[in-house]
Amino acid sequence: MKLQTFAGIFAAVTLLVSCKKEEDKKGDETKNTVETPFEYVAEQFADIKVLRYRIPNWDNLTLKEKELVYYLTQAGTAGRDIMWDQNYKHNLKIRQALEQIYQNYKGDKQRKDWESFEIYLKRVWFANGIHHHYSMEKIKPDFNQVYFETLLKETKTTLASEIVAVLFNEKDSKKVNLDESKGLVSGSAINFYGEGITAKEVEDFYNKIKPVDPQRPYSYGLNSKLVKNASGKLEEKVWKSGGMYGAAIDKVIYWLEKAKTVAENQKQGDALGLLIQYYKTGDLKTWDDYNIAWLQATEGNIDYINGFVEVYNDPLGARGSYESVVQIKDFDMSAKMEKIGHEAQWFEDNSPLDPKHKKKKVVGISYKTVIVAGEGGDSSPSTPIGVNLPNADWIRAEHGSKSVSLGNIVEAYNNAGGSDRLKEFAHDAEEIALEEKYGEEADKLHTALHEVVGHASGQINPGVGTPKETLKSYASTLEEGRADLVGLYYLYNSKIQELGLTDNWKKTGMAAYDGYIRNGLMTQLVRLEPGADIEESHMRNRQWVSAWVFEKGKKDNVIEKITREGKTYFNITNYEKLHDLFGQLLKETQRIKSEGDYKAGKALVDNYGVKVDQKLHKEVLDRNAKFKSAPYSGFINPLLVPKMDDEGKIIDILVTQPKSFAEQMLFYSKNFGFLPLVN
Ligand code: ZN
């Protein structure tokens, strides 16, 4: 499953803005040029923002590792057209026509209609088809059919008149329809079911199949389109070599075979072998075997997702959309996590918890961040920020799952906001400077401490039930707040410098505290409608933590509330005391969890985490209004370019950034357009 798409938490991260922009380390090719800050935002149109991401520390990989990454991204991109055709049966024809017009039109490009045409094409590229990637609604062009027909004629482009009409009429208006009254299957434009098939027929078809092992059922329907054959009977058109999408799948296989030759270890190579076999046969038992092998291949520095994976695009939740994500271990973050995990007992022993609530033996929780090197199909341009796979419940129960957070994608989102918001809400120049220098590092460390020791810390008293039982609906916000507090307590502590996690623990801690308070008391409110209460557990916990320390520190003026020219600021005057307050609140929150004290937990959250100061909220919304940007983001992929010697042997692989979104889209269509227009 996708952990979260960015449409959902967009506002949250852009406000935890960390503005440090490291130079793009590209190796030789940039040695003699002036290093400029990396441009995260490529362009904006309609409701879309197209970003770029970096592949940090690329040159730390060995040539063999780079080759593996390259082959896997080639494999991923090779299946791109599958996603287009899955999304809608006419998408490939439409894309071809739009691109031909775009590249050949010689007429007036100054007029508004042409601009609208360009925006429409970019929206279609972004969505891998003519339906919006998020709302599922058909995208409405801002030009009319007459104009479009002129473009077709002047560029000698052909597109069947019924398909031209679809761009402008109400037909096939929703990609995935979940309103049963309109017919789940017949009301959806997704190309997973043939004409005239109803949801009932599909259910009956699959109900007749008896699993070989009912405890371990195959993912029936995952890799096929269901159609009616000539005699009116239902049958699956399987997506495999020699089957539907075979032409693209053969290219995927070609690159996976190459990847297999440079696999990092036996297990990884064996898993790739099974994936190839699955693409060749379409056999669902092989798919399960592959997933288990993939789960067990954990040793390497490179990992990937490739296949028909997520089923969100099927109104019946069975058929998988083609996707690919290629991942490199985040060495920097992994090293941090490892160091912190190694010291988990020290953190526990030195925490401000009541000794009886401390764990005698604490084990750090492993949490994995990876660096994305390339995405394709369902994951591109719009991407998840984390993935937890495989999806089959029985495999998860018997063999576990791999859960990763896509580190450089998150970083790109964070940086895309720029520093203007920070300047608007930060109290003074020192706060801005600290954030710019230490903010990103502080965020990463906070995440690591929160995940690795925060959630692992503390123990529940004997005889007390689980937090779900005792703290009920307050359990999750209390748990998130508790983990945040563990992180906050140790962010302002010389231990993190001793461990080599920062070169200046005081400044890292100050930046972390400034950022947390600024967000918890003010900036996160931009995500809330005027008049609303805070409902989401993380938002709640950031507010109850911040508001509690603000109130308890009032008598010593630990955090002062300042109004300047009608604008509110929170300024931390005493970081030592704030550190102590975080410690006290951590102790109390752990007590609530350990004792299952529902009343105290409820009071803490209700009194500090739910209600919003309406006046301040309005002010924050007003101040934020000037930063409005497109609600959806996605990415241009870096382009990996192999450097060959005279014999055609790869001697290095360079990371380059395409000039524009259009350039990448046209490049993909030209070089990875492996499918016929009708499949
Ligand atoms: Zn958490």
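Trainee: What is the relative accessible area of Trp346?

Mentor: Trp346 has a relative accessible area of 28%, so it is partly exposed. Buried means under 20%, exposed means over 50%, and partly exposed is in between, with a 1.4 Å probe and protein chains only. Ground rules before we go on: this is a predicted model, where local features need pLDDT of at least 70, side-chain atom pairs count only at pLDDT 80 or more, and totals for chains, interfaces and linings use all residues. Residues are numbered from 1 along each chain as its sequence is written, and side-chain values use heavy atoms, with hydrogens and water left out.

Trainee: OK. What sits over the ring of Trp346?

Mentor: The charged end of Lys495, 4.2 Å from the ring centre. The test is NZ of Lys or CZ of Arg within 6 Å of the ring centre and within 35 degrees of the ring normal. Arg95 also lies over a ring face, that of Trp84, at 4.8 Å from the centre.

Trainee: How many aromatic pairs are there?

Mentor: The structure holds 44. Rings of Phe, Tyr and Trp (its six-membered ring) pair if their centres lie within 6.5 Å; planes under 30 degrees apart count as stacked, over 60 as edge-to-face, and the rest as tilted. One of the pairs is Trp346 with Tyr490.

Trainee: Why is that pair of Trp346 and Tyr490 called tilted?

Mentor: The planes of Trp346 and Tyr490 are at 55°, so the pair is tilted; the ring centres are 6.0 Å apart. Trp346 is in helix H13 (residues 344-349) and Tyr490 in helix H19, 144 residues apart, so the pair links distant parts of the chain. Helices (H or I, at least four residues) and strands (E, at least two) are DSSP runs, numbered from the N terminus.

Trainee: Is Tyr490 buried or exposed?

Mentor: Tyr490 is buried, at 1% relative accessibility. Tyr490 also forms an aromatic pair with Phe347, edge-to-face, with 4.6 Å centre to centre and 70° between the planes. Phe347 lies in H13 and Tyr490 in H19, so this pair ties together parts that are 143 residues apart in sequence. Phe347 is buried too.

Trainee: New topic. Which residues are the protein donors of the zinc ion?

Mentor: His450 (NE2), His455 (NE2) and Glu480 (OE), lying 2.1 to 2.2 Å from the ion. Donors are N, O and S atoms within 2.8 Å of the metal (3.2 Å for Na, K and Ca); water is not among the atoms, so sites may look incomplete.

Trainee: What spacing do the donors follow along the chain?

Mentor: H-x4-H-x24-E. His450 is in helix H17 (residues 429-454) and Glu480 in helix H19 (residues 475-491), so the pair ties together parts 30 residues apart in sequence. His450 is buried, at 8% relative accessibility. Glu480 is buried as well, at 15%.

Trainee: How many residues of H11 are buried?

Mentor: 10 of its 13, so H11 is mostly covered. Among them are Trp287, Tyr290 and Trp294.

Trainee: And what covers the buried residues of H11?

Mentor: The cover includes helix H10 (266-281), strand S5 (302-308) and strand S8 (386-389). Contact here means heavy atoms within 4.5 Å. H11 (residues 284-296) reaches 19 Å from its first C-alpha to its last, close to the 18 Å expected at 1.5 Å a residue. That expected span is 1.5 Å times one less than the number of residues.

Trainee: Where is the cis peptide bond with omega near -5°?

Mentor: From Ser380 to Pro381. Pro381 is in the loop between strand S7 (368-377) and S8. Another cis peptide bond joins Leu389 and Pro390, with omega about 5°. Pro390 is in the loop between S8 and H14.

Trainee: Last one. What does the pLDDT of the chain average?

Mentor: The average is 92, and 95% of the residues score at least 70. pLDDT is the predictor's confidence in each residue, from 0 to 100. Over residues 4-34 the value is below 50; that stretch has 68 contacts in the model beyond near neighbours in sequence.
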